Amino acid sequence: MTLIYHTPLMREDLRAQNVPDSWPFGIADRVHYGDLDTNSHVNNAVYLKWFENIRVQYFQAWDILKFQAGEPRVVLKSLAVEYHKEMFMNEDYVVAARTASFRNTSFRQEYAVYSGDLRVTGQAVIVMLQPDAPEKMALPDALKQRFIEVDGATAG
């Protein structure tokens, strides 16, 4: 199968890339020269950029945020990464994302990078804020329901 880069992949495309069924959303790309460090493997900080890219695509694909004035905002509260195996120049990979759980004003996303096998995992806590103020805002019920139905997220 030929991978289509920078476009959300369908579940069957994710399965074809050895991404487990518990991941409903993913984007493919290839390791580029600028992703490498002096050891010729992907620099640890690059994975954070990949997670940010998929987070934004996830928000847009599921119509969670439009990133426009007057819309609710989200901020990253925390981010953790676990490195499982190195990646090198020209490797194709899939970054997958899902929302694992949610609370009243925040949700926890999980990320994984697959290139034949699992390479990196991560998680982030994301807080929803009022459109024009630094105060937290409750997640809409429809968004919580979407997290449950599509991602299998749990409350709490």
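Visitor: How many residues does H2 have, and what does H2 reach from its first C-alpha to its last?

Guide: A helix here is a DSSP run of H or I with at least four residues, a strand a run of E with at least two, both numbered from the N terminus. The expected span of a helix is 1.5 Å times one less than its number of residues. In this predicted model, H2 has 18 residues and reaches 27 Å, close to the 26 Å expected at 1.5 Å a residue. At its start, a side-chain oxygen of asparagine 43 comes to within 2.8 Å of the backbone nitrogen of alanine 45. After H2 comes aspartate 63, with a positive phi near 55°.

Visitor: What should I know about the conventions and the confidence?

Guide: Residues are numbered from 1 along each chain as its sequence is written. As the model is predicted, local features need pLDDT of at least 70 and side-chain atom pairs count only at 80 or more, while totals for chains, interfaces and linings use all residues; side-chain values use heavy atoms, leaving out hydrogens and water. pLDDT is the predictor's confidence in each residue, from 0 to 100. The protein chain has a mean of 93, and 99% of its residues reach 70 or more. Confidence is lowest in helix H1 (residues 11-16), at a mean of 91, and highest in S4, at 98.

Visitor: Which residues of H2 are buried?

Guide: Buried means under 20% relative accessible area, exposed over 50%, and partly exposed in between (1.4 Å probe, protein chains only). In H2 the buried residues are Val46, Tyr47, Trp50, Phe51, Ile54, Arg55, Tyr58 and Phe59. Their cover includes S1, strand S2 (73-83), S3, S4, S5 and H3.

Visitor: How many residues does the largest nonpolar core have?

Guide: A nonpolar core is a set of buried Ala, Val, Leu, Ile, Met, Phe, Trp, Tyr and Cys residues joined through side-chain atoms within 4.5 Å. The largest has 31 residues, and Val42, Trp50, Met87, Val113 and Phe147 have the most contacts inside it. H2 gives the most to this core, with seven residues.

Visitor: Where is threonine 99 found, and is threonine 99 buried or exposed?

Guide: Threonine 99 is found in strand S3 (residues 92-102). Threonine 99 is buried, at a relative accessible area of 0%. A polar contact is a pair of N or O atoms within 3.5 Å; within protein, one must be able to donate a hydrogen and the other to accept it, and residues adjacent in sequence count only if both atoms are side-chain atoms. The side chains of threonine 99 and tyrosine 58 make such a contact, at 2.8 Å.

Methods
Contact means heavy atoms within 4.5 Å.
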